[in-house]
Amino acid sequence: MKNKLRNLSYMFFDCKTLYNIDELKYLKTRDVTDFSYMFENCQISNIKALEEWDTSKSETFCSMFSCCELITNINPLKNWNVSRCKDFSSLFYYCENLSDIKPLENWNVSKCTNFSSIFNGCKSLSNLKPLEKWNVSNGISFAYIFCDSLISDIKPLESWDISNANDLSCFFSSCENLSDITPIKNWNVSKCQNLGEIGRAHV
């Protein structure tokens, strides 16, 4: 599996007993455009094997680590080239123990149009400072992006350009620690068609 791999989607989808992916460090990913659902619902915790993957041609990481509840350290992803990606939706969906997203602070997400549910269900996530300089200006969908997280300070989102956003539904849904939304008072939501339940309380 060394040459001309282009699609790794669903490769280990729902492999509920998969916990060791060390051998994947040898996988040649330079031509891969689709990593979607690759490890969804796996029991992996150590992703160091992915540290040197070439992701420069990928256009989607949708649900790649969705429901990988044991992942706490995403430092191996900090140097990934994600500049072509258009879809980050549900990338870390219900990674319940993920609290440190600093490795993502230098990601170039400027081409992305779909950020929906990227951190949905990250119940240990409270610090959004690493996302402060993200260029989300091409984002169209942000639905459920921080739903059910521990965030309380959203000042890092103050300068986000969401002028092209169409869907902001459930953006802060079930964020029980959030009390001050003043930082987003100047957001341009003129193109948005769905603000439904943007801050819906947990039931």
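Predicted model: local features only at pLDDT ≥ 70, side-chain atom pairs only at ≥ 80, totals over all residues.
Residues are numbered from 1 along each chain as its sequence is written, and side-chain values use heavy atoms, without hydrogens and water.

**View 1. Overall dimensions of the protein.** The C-alpha trace spans about 50 × 30 × 25 Å along its principal axes. The radius of gyration is 17 Å, which agrees with the value near 17 Å for a compact globule of 203 residues. That radius is taken over C-alpha atoms, and the globule rule is 2.2 Å times the number of residues to the power 0.38.

**View 2. Contacts across the sequence.** Take the contacts (heavy atoms within 4.5 Å) between residues at least 6 apart in sequence. Of these, 84% join residues at least 24 apart.

**View 3. Burial in the protein.** Buried residues make up 50% of the 203 residues. Buried means under 20% relative accessible area, exposed over 50%, and partly exposed in between, with a 1.4 Å probe and protein chains only.

**View 4. Y10, a residue with positive phi.** Y10 is not a glycine, yet its phi is near 65°. Y10 is partly exposed, at 45% relative accessible area.

**View 5. N41, also with positive phi.** Phi of N41 is about 65°, and N41 is not a glycine. N41 counts as partly exposed, at 25% relative accessibility.
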